[in-house]
Amino acid sequence: MNDLTPTREERIANLKGMGTSRKRVEDVRFTQGKGNYVDDIKLQGMLFGDFVRSPYAHARVKSINADAARALPGVVAVLTAADLAPLNLHWMPTLAGDKQMVLADGKVLFQGQEVAFVVATDRYIAADAIELVEVDYEELPVVVDPFAAMEPDAPVLREDLNGIMSGAHGPRRHHNHIFLWETGDKAATEEALGAAEVVAEEMVYYHRTHPCPLETCGCVASMDKVNGKLTVWGTFQAPHVVRTVASLLSGIEEHNIRVVSPDIGGGFGNKVGVYPGYVCSIVASIVTGKPVKWVEDRMDNLMATAFARDYWMKGRISATKEGKITALRCHVTADHGAFDACADPTKFPAGFFHICTGSYDIPVAYVGVDGVYTNKAPGGVAYRCSFRVTEAAYFIERMIEVLAIELGMDAAELRRINFIRKEQFPYQSALGWEYDSGDYHTAWDKALAAVDYKGLREEQAQRIADFKAGRTRKLLGIGLTHFTEIVGAGPVKNCDILGMGMFDSCEIRIHPTGSAIARLGTISQGQGHATTFAQIIASEIGLSADSITVEEGDTDTAPYGLGTYGSRSTPVAGAATALCGRKIRAKAQMIAAWLLEVHEGDLEWDVDRFQVKGAPERFKTMKEIAYAAYNQAIPGIEPGLEAVSYYDPPNMTYPFGAYIAVMEIDVDTGEHEVRQFYALDDCGTRINPMVIEGQVHGGATEGYAIAMGQEIAYDEIGNVKTGTLMDFFLPTAWETPHYTTDHTETPSPHHPIGAKGVGESPNVGSVPAFSNAVHDAFRAFGLRQSHMPHDHWRIWKIARDLGLHG
Amino acid sequence: MGKKMQVSLTVNGEVHEVLAEPRELLIHTLREKLGITGPHIGCETSHCGACTVDMNGRSVKACTVFVAQADGAEITTIEGLGGPDGLHVLQRMFREHHGLQCGYCTPGMITRAHRLLQENPQPTEEEVRFGMAGNLCRCTGYQNIVKAIMAAAAEMNAKEAAE
Ligand code: FES
Ligand code: FES
């Protein structure tokens, strides 16, 4: 040993492994404008595609005349359903077991629906040509309200389903009905509700909104007719699934299709599905023999690309007089729009909505979800959410508040007495989930103490008194939330997408000089996978994260995986990564034993090396072992050092958190000011605290937007009223609140590194926190429930309806 | 379609002559004709700021400027901010303070922040938030962007004081 020998602490620090706030490797490119997003791709001879879209929400398409468009110089092709029909591509399957028109086949069912696809030599000519396509429409009656859609005499929307009274998820009881999905014990729930001392009932609406990533959706399709290979670059959150779907649809063998997700400018669920633009670009490239680019504009994106939420949740909750909850029932009317294109695991048409018993020990529960068709855009994707978990969390956190009103109790206390206790984990929920781990009381107490909850309530009481005495026109709202998430789908036995089990994968290859490349089945859209997955590997195999390249998104090179959404990357691919690292380490141990001439069992792992037990001065570092793997003939051991792991999780993970929003509300203008926002997250083992904190800031800002103003609104004839960023609320730096983040750490017992995933927690948790703050401000004046988004106008209306304007 | 016109513009110190229809937007000229893909397109209606570039010493949204209006202009994009000795302090600080995630807004953000700090070298946090309100970010919640800009301002001011 000499002075240059690094200490153990230095060796650990050098890894930049799990638990360190490692700076992101991605940022070096991004800060210099050197990202490579889909719209940056430019190929020789590339054409541009664009859509003629329907101005009507419901109409028969009597004829399409594209002659003038075709005659415009620079226009190469105009595709309509008639052109796609011979290829059987005028309709496509959705992820939810329904089918969707690629181009209008006889009628249109929502405003903005794709009617014809124009392909031209530049985007301006394509835009000109769209104006020249003449479509003769005959307007039909429009249904935008899901309850009206289920009236006996409601217009028939999906004529293609005429007489087909059974769908992918069982019987349909009405021509605009998609499915009824039920879980829980209905009879026992009714009985408990009937016998209860206290019952609260409420309709909780989680309005229609939109993920709206800053980069819209798009692709470049390039069919190489010489070697028969199709390459598609696109904004895909699940590139491998896209390849499989493309193969099934086109009949091109899967090995002849390469799907690449380049850098993605945010996804939030918007980029999970398969859209008509992708299909049309591929067909157009096959037809023209040229690469075809399609990138939607913002209005296309908001009008036609997958929306989120739109759940009408009718709840009934019961409790003892002391506040112990005895039962919960929920019936949802789910507005799926014109086609059922939700991106949920196949067996779960309402996603994981049945996590709606939340953080509470509720003995019996029942959930029924009716999916309904309306004349609105399809979607129902998980907007920074694990398959309807946000809807579920919002529902239960509102019901708790309503129950607190009914009981005349403090809502924080009501939560506390109903939390699942630490010793109850693993906990079987009444709706069939096994919560893996949690310590809700500790998190709750920490959160209440951090914001001085008692002090806040006193301040609020004083404020109410001042308001009543005419000394102020501002009210104070304290918005509480304790949410439980369910993320990380798999397990394969009950989660699949189009038959593909929801496992994920990682492949690690160590280079001779001790650096490495890892490839995963997931794809980052800003989460920083290239940074954080390298940290997991670094901790597992003892090479510095700086020496590890992480690659994702190219189906020709990456192992098959189901992609990134539903906070599944860390729970599923992260586990595959850790286990893959352990496979590498197992082989490295054999090599080290041979090099050190000891028995494998005599070695122990220490940070970055195997050392002889009891003689730590005799060791081989992973770097030395890697070299040996390639340059020595070791008896009985194959050369090389690489491994691949596919991970099928035994269970989901259940991150949780306690969020508190404190809001000042101006009764006369309806304006609000978020005075404080405190977010405590427990996502198990923390891989990169800096990245986690960034995720919380971003997700909470999305939640702020959703709760306080963001919506996809329609008028009664199906016009989208919020189709541009002028009317669709995206908060700026000016109105966005300041966040305080905090954490507790309860590792997942079944996950190789104990990590649970965090990307979606802040969206799930912040929406009820903000909304509850608004409700709480008016609780003393009799408000029970008012639907989001709580924009100034709606808050003003609450005050007016409560008679507070004098 | 209109008749094409000859436009001359200086981008990041380099003079370009382009032939363009009068209706062509500056963002498309930059991205498609000149291969300068740092500035992005997020809305094309001047709301998001992803396309922000510096034109004659002012921040402009390149999706709302006709290239014809940029005739003779001096334009700086994210690609032109770094100097011979490496990254601009804003670029470093955005990384240092985790002021970006997907990176899509980042070129516009940094280009705008660069101009903001010329206009107001010692902004308060409020002034930064107000001055950056034309640039939307969907990932970060702005908190770390603001931090990065404040840190860059501090470093630039310290450097200036030392000189
Ligand atoms: S693209 Fe120019 S402001 Fe959005
Ligand atoms: S980092 Fe994704 S939009 Fe700002």
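Which residue in S35(A) is the bridge partner of Asp681(A)? The points below answer this and describe the parts of chain A around it. The model is predicted.

1. The bridge partner of Asp681(A) in S35(A) is His743(A). Strand S34 of chain A covers residues 672-682. S34(A) and S35(A) run parallel and are joined by 4 bridges.

2. These two strands belong to an open sheet of 4 strands in chain A, with the order S23-S33-S34-S35. The pairing in this sheet is mixed. Its edges are formed by strand S23 (474-484) and strand S35 (740-743) of chain A, and each of these pairs on one side only. On average, and with direction ignored, neighbouring strands of the sheet are turned by 15° against each other.

3. A helix lies across part of this sheet. Helix H18 of chain A, residues 689-708, lies across S33, S34 and S35 of chain A. The helix runs at about 135° to S34(A).

4. H18(A) also packs against H19(A), at an angle of about 45° and with the axes 7 Å apart. The two helices are therefore oblique to each other. Their crossing is right-handed. On the H18(A) side, the residues that meet H19(A) include Val696(A), Gly699(A), Ala700(A), Gly703(A) and Tyr704(A). On the H19(A) side, they include Pro762(A), Ser766(A), Val767(A), Phe770(A) and Val774(A). By class, the residues of this contact divide into 10 nonpolar, 6 polar and 1 charged.

5. H19(A) has a further helix contact to describe. Helix H11 (residues 389-407) and helix H19 (residues 761-779) of chain A pack at an angle of about 25°, with 9 Å between their axes. H11(A) and H19(A) are therefore roughly parallel, since angles under 35 degrees count as such. The crossing of this pair is right-handed.

6. Among the residues of H11(A) in that contact are Val389(A), Ala393(A), Tyr394(A), Glu397(A), Arg398(A) and Ile405(A). Those of H19(A) include Val764(A), Pro768(A), Asn772(A), His775(A) and Arg779(A). The contact of H11(A) with H19(A) has 8 nonpolar, 5 polar and 4 charged residues. Asn763(A), Val767(A) and Ser771(A) are listed in the contact with H11(A), and they are also listed in the contact with H18(A).

7. Another open sheet in chain A consists of 3 strands in the order S29-S30-S31, with antiparallel pairing. Strand S29 (603-606) and strand S31 (615-621) stand at its edges with a single partner strand each, so one side of each has no neighbour in the sheet. From one strand to the next, the twist averages 35°.

8. Within this sheet, S29(A) pairs with strand S30 (residues 609-612) of chain A over 4 bridges, in the antiparallel sense. One such pairing can be named: Leu603(A) has Val612(A) as its bridge partner in S30(A). Helix H16 (residues 569-596) of chain A packs on the sheet and touches S29, S30 and S31 of chain A. The direction of H16(A) makes about 45° with that of S30(A).

9. One annotation comes from a record. An unreviewed UniProt entry gives residues 32-141 of chain A the annotation "domain: Aldehyde oxidase/xanthine dehydrogenase a/b hammerhead". In the model, this span is 17% helix and 36% strand. The C-alpha atoms at its ends lie 52 Å apart.

How values were computed. Residues numbered from 1 in each chain as written. Chains lettered and ligands numbered in written order. Predicted model: local features only at pLDDT ≥ 70, side-chain atom pairs only at ≥ 80, totals over all residues. Heavy atoms only, no water. Axes fitted to C-alpha atoms, helices over the stretch in contact; angles between N-to-C directions. Parallel < 35°, antiparallel > 145°, perpendicular 65-115°, else oblique. Left-handed = near helix turned anticlockwise from the far one by under 90°. Contact = heavy atoms within 4.5 Å. Nonpolar A, V, L, I, M, F, W, Y, C, P; charged D, E, K, R; others polar. Pairing = 2+ DSSP bridges. UniProt positions renumbered as here; feature names shortened; annotations may be inferred.
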